[in-house]
Amino acid sequence: MFKIVKKTELNPIEFEIYVEAPRIAQKAKAGQFVILRINEHGERIPLTVVDTDVEKGLVRLIFQVIGKSTAELATLTAGESLADLVGPLGKATDIENYGSVLLVGGGVGIAALFPIVKALKEAGNHVITVLGAKNKDLMILAEECGQYSDELILMTDDGSLGQKGLVTDAMKEVFAKETIDMAWAIGPSVMMKFCTLTAEAAGVPIYVSLNPIMVDGTGMCGGCRVTVDNQIKFACVDGPEFLGAGVDWDEFVNRMGQYRNEETVANEDYEKKVTQHG
């Protein structure tokens, strides 16, 4: 059992938990993830490791409520435990001193971007970070990303924080005035696709972190397969990071929605049960 020692509501749909997992805390690196189960009958949920506290043996996770399992996870409180927590999984980010780097995060994807921002800054890079959200209430980790960034640009759809516009607008501004050696983008699939196109137009290589459906997280089920450079790859073991230019974005976006009907039904059933027992 993996005990939740702290839980924070970041906003109405996003939560942060610190979980006791000493062995994972010792090994996890930027870019890697864990898979958790709430109970024996629970769905396996992949979440990026946002941060670790090796001394206390804690793993920091942030999730967004988007369906039945994450809604159930949000009901857990400090002192309760998860049935399973497996990791660290996936390949770690290739951290080195590239020179000037641009990191772009959108929505809950900022949680996955933060450890990369931190690691790249600690490796000596000049770090420019662009964060995007629908509004100021849904912007997460801006202050922490700012601590490890030489420049922080905030974008919101409604202009309630930072500049009004898309993260790609900010990317174009940065490319116009700076020489960028390497870039990263993590967020919704459509956002990552257009970040890739924007970086390509500027001649800058960009990594993206793909988050397809996963089951076992060890390459056995094949559920997370993606096409990169015309080859089948498994995001859980070959990724989750890939150079965006090689990703078959149309296939990836389509696959992300393949279980939408089932997910909707499961969520509706869960909400009915909650209402009946509430």
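Student: Which residues does T70 touch, not counting residues up to four places away in sequence?
Tutor: This is a predicted model, where local features need pLDDT of at least 70, side-chain atom pairs count only at pLDDT 80 or more, and totals for chains, interfaces and linings use all residues. Residues are numbered from 1 along each chain as its sequence is written, and side-chain values use heavy atoms, with hydrogens and water left out. Contact means heavy atoms within 4.5 Å. With residues up to four places away in sequence left out, T70 touches I45, F63, Q64 and V65.

Student: Is T70 buried or exposed?
Tutor: T70 lies in helix α2, residues 68-73. Helices (H or I, at least four residues) and strands (E, at least two) are DSSP runs, numbered from the N terminus. Buried means under 20% relative accessible area, exposed over 50%, and partly exposed in between (1.4 Å probe, protein chains only). The relative accessible area of T70 is 9%, so T70 is buried.

Student: Why is strand β10 largely enclosed by the rest of the structure?
Tutor: Strand β10 covers residues 126-133. It is largely enclosed because, of its eight residues, the number buried is seven.

Student: Which residue of β10 is the bridge partner of G105?
Tutor: Two strands pair if DSSP finds at least two bridges between them. Seven bridges join β9 (residues 100-106) to β10, and the two run parallel. The partner of G105 in β10 is L131.

Student: Which residue in β11 does L131 stand opposite?
Tutor: β10 and β11 (residues 151-156) run parallel, joined by six bridges. In β11, the residue opposite L131 is L154.

Student: Which helix lies with β10 and β11 in a right-handed β-α-β unit?
Tutor: A crossover is right-handed if, with the strands pointing away from the viewer, the path from the first strand over the helix to the second runs clockwise. β9, helix α3 (residues 109-122) and β10 make one such right-handed unit. For β10 and β11, the helix is α4, residues 142-147.

Student: The side chain of Y98 reaches which backbone oxygen?
Tutor: Y98 sits in the loop between β8 (84-89) and β9. Y98 is buried, at 18% relative accessible area. Its side chain reaches, at 2.4 Å, the backbone oxygen of D94.

Student: Which strands stand at the edges of the open sheet of five strands?
Tutor: The order is β5-β6-β2-β1-β7, with antiparallel pairing. Each edge strand has a single partner, so one side of each is left without a neighbour in the sheet. The edge strands are β5 (51-53) and β7 (81-82).

Key:
A polar contact is a pair of N or O atoms within 3.5 Å; within protein, one must be able to donate a hydrogen and the other to accept it, and residues adjacent in sequence count only if both atoms are side-chain atoms.
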